[in-house]
Amino acid sequence: MRVAIAGGGLAGLSCAKYLVDAGHTPVVLESRDVLGGLVAAWKDEDGDWYETGLHAFFGAYPNMLQLMAELGISDRLQWKEHALIFNQPEKPGTYSYFRVPDIPAPFHVLSSIATSNDMLTWNQKFRFALGLWPAVVRGQQYVEDMDKYSLLEWLRRQGVDEGVNTDIFVAACKALTFINPEDVSATIPLTAINRFLQERYGSKIAFLDGSPTERLCQPIADHITQGGGEIRMNAPLKEIVLNPDGSVQHFLLRGLNGQPDEIVTADLYVSALSVDVMKVLMPTPWKAMPFFQKLDGLEGVPVINLHLWFDRKLTDIDHLLFSRSDLLSVYADMSITCKEYEDPDRSMLELVLAPAKDWIDKSDEEIIAATMAELQKLFPQHLTGDNPAQLRKSKVVKTPRSVYTASPGRQAYRPDQQTPIANFFLAGSYTMQRYLGSMEGAVLSGKLSAQAITTSLSAGTSATSEPATPKPLAPV
Ligand SMILES: Cc1cc2nc3c(=O)[nH]c(=O)nc-3n(C[C@H](O)[C@H](O)[C@H](O)COP(=O)(O)OP(=O)(O)OC[C@H]3O[C@@H](n4cnc5c(N)ncnc54)[C@H](O)[C@@H]3O)c2cc1C
């Protein structure tokens, strides 16, 4: 079965990989000249990598880890000490560690909270544990039900001390979703906490040993082409052209550099586009269908990824760091954490600026200046005084619409991978899967989309080698 997949991010690649494994022939159509979407990376004029985002992998990413194992590339993950590390704003240049001991879940996380005494008081820890109790006892259904509250509302309802919010959750929410606790659905951090509590190595963090484009996306692409599939770059979807009955007749690609537009036909079609692009390309007859109308409730969140190359080392910490700064979210010294970016003498800090809505339209110079001012608080010993470290060069990558904005109530708008159109499926980290907008969510969504395709084929509800027999359009 030939399946045309628009979008060569992790969701599109994962969908194509699992379709190849099931004996189908996917063709991935990626608009840009680089694979990976939100994990895409490029080399600058000096040969240094810069990326769309600083990406951390977690032990609680079963589908990503399985995918990498299937491709024989698990050794490309550089696992770090099992700990979460936070900057201490009130003591510039110092850190708080939540070290997670290698003992069974959930005692590993509870022990790490109990033994870290420089962030939360015993009273705060006790009230936090009490607040979490319903999630522990009632499980994921309770966590899903909390989507109606922002995290801040949920913390207040549970009587959790505001200090827990400012000490931990501002940093955690910015890292997970690029927005603050007053704006994020309680379901998102509670899902992460649940995974961390239930899985012994769930909160263990790894970095890829090089750029995601070369070290992660390329092996998936190679697997797809070796299995008979196709990857086409510079192939932007312009229009989803429909049959009179509302099913997909073909994908129309925009011709580049004066070339004419091109028709791509297949037995089945998948959108692995971001939700914002999918909404723009939505065929008019589908806009009246409740299934597709739900997408109006979703929108990508702005985020900025920064790369700062210094003339000396600023830290020796080989880990992800939670900055606990208003401007910044997480960061890492990639000259230490990532093998291919290694530099024994000089730091390259990669930092996520979030929330970014007030910064996305500002110039790179303004963004770098504000970040450097913030870094003086994080690294006073290196960036102030007589001989401060010098910034050699910098790179700013802005993404005005990245993963879906995980505000309260969004779970109801996340669509299934199977659509009411029999020969059309969705993939993408915004679609419904049990992880948030993440690499794990993207890989899982692609796998679920491939599963929906194979299931509908075996049930005879989707296209056969004959022209597709679409389900009728759902009533409005
Ligand atoms: C700054 C930042 C930091 C992040 N940090 C983490 C992290 O630490 N851990 C984690 O798990 N996740 C992280 N994420 C989230 C993660 O990167 C995404 O959830 C995931 O990569 C989304 O994959 P996707 O395939 O669903 O979507 P996308 O990556 O958006 O893929 C969509 C693809 O469609 C292509 N496309 C667009 N228009 C067209 C068209 N007309 N025709 C054809 N193709 C088109 C795009 O070029 C893109 O390749 C981060 C994201 C960012 C931006």
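**Ligand, domains and loops**

Colleague: How far is an oxygen atom of the ligand from an N or O atom in the side chain of His55?

Modeller: In this model, which is a predicted one, that oxygen atom of the ligand lies 2.7 Å from an N or O atom belonging to the His55 side chain.

Colleague: And what about the backbone, say at Leu38?

Modeller: There an oxygen atom of the ligand is 2.8 Å from a polar backbone atom of Leu38, and for Ser429 too the value is 2.8 Å, again between a ligand oxygen and a polar backbone atom.

Colleague: How much of the ligand's accessible area does the protein cover?

Modeller: The ligand on its own has 1000 Å² of accessible area, and the protein covers 91% of that.

Colleague: Which residues come nearest to the ligand?

Modeller: Out of 36 residues around the ligand, the nearest are Glu30, Leu38, His55, Ala56 and Tyr61.

Colleague: What kinds of residues make up that shell?

Modeller: The shell around the ligand has 19 nonpolar residues, 15 polar ones and 2 charged ones.

Colleague: Switching topic, how is the chain divided into domains?

Modeller: Domain 1 is made of three stretches, 2-41, 212-298 and 406-459, while domain 2 covers 98-203 and domain 3 covers 303-399.

Colleague: How far apart are the centres of domain 1 and domain 2, and how many residues does each put into the contact?

Modeller: Their C-alpha centres are 33 Å apart, and the contact takes 10 residues from domain 1 and 15 residues from domain 2. The area buried between domain 1 and domain 2 is about 930 Å², with carbon and sulfur atoms giving 57% of it.

Colleague: Last topic, the backbone: where are there cis peptide bonds?

Modeller: One joins Ala105 and Pro106, with omega about -5°, and Pro106 sits in the loop between β8 (95-99) and α3 (107-115). Another joins Ala354 and Pro355, with omega about -10°, and here Pro355 is in the loop between β18 (348-353) and α12 (364-378).

Colleague: What is phi of Asn234, and where does that residue lie?

Modeller: Phi of Asn234 is near 50°, which is a positive value in a residue other than glycine, and Asn234 is found in the loop between β10 (230-232) and β11 (237-242).

Note on methods:
Residues are numbered from 1 along each chain as its sequence is written. This is a predicted model: local features need pLDDT of at least 70, side-chain atom pairs count only at pLDDT 80 or more; totals for chains, interfaces and linings use all residues. Side-chain values use heavy atoms; hydrogens and water are left out. A residue is near a molecule or strand if one of its heavy atoms lies within 4 Å of it. A polar contact is a pair of N or O atoms within 3.5 Å; within protein, one must be able to donate a hydrogen and the other to accept it, and residues adjacent in sequence count only if both atoms are side-chain atoms. Accessible areas come from the Shrake-Rupley method with a 1.4 Å probe; for residues, only the protein chains shown count as cover. Ala, Val, Leu, Ile, Met, Phe, Trp, Tyr, Cys and Pro count as nonpolar, Asp, Glu, Lys and Arg as charged, and the others, Gly among them, as polar. Domain bounds come from an automatic or database domain assignment. Contact means heavy atoms within 4.5 Å. Buried area is the accessible area (1.4 Å probe) that two parts lose on being put together, summed over both. Helices (H or I, at least four residues) and strands (E, at least two) are DSSP runs, numbered from the N terminus.
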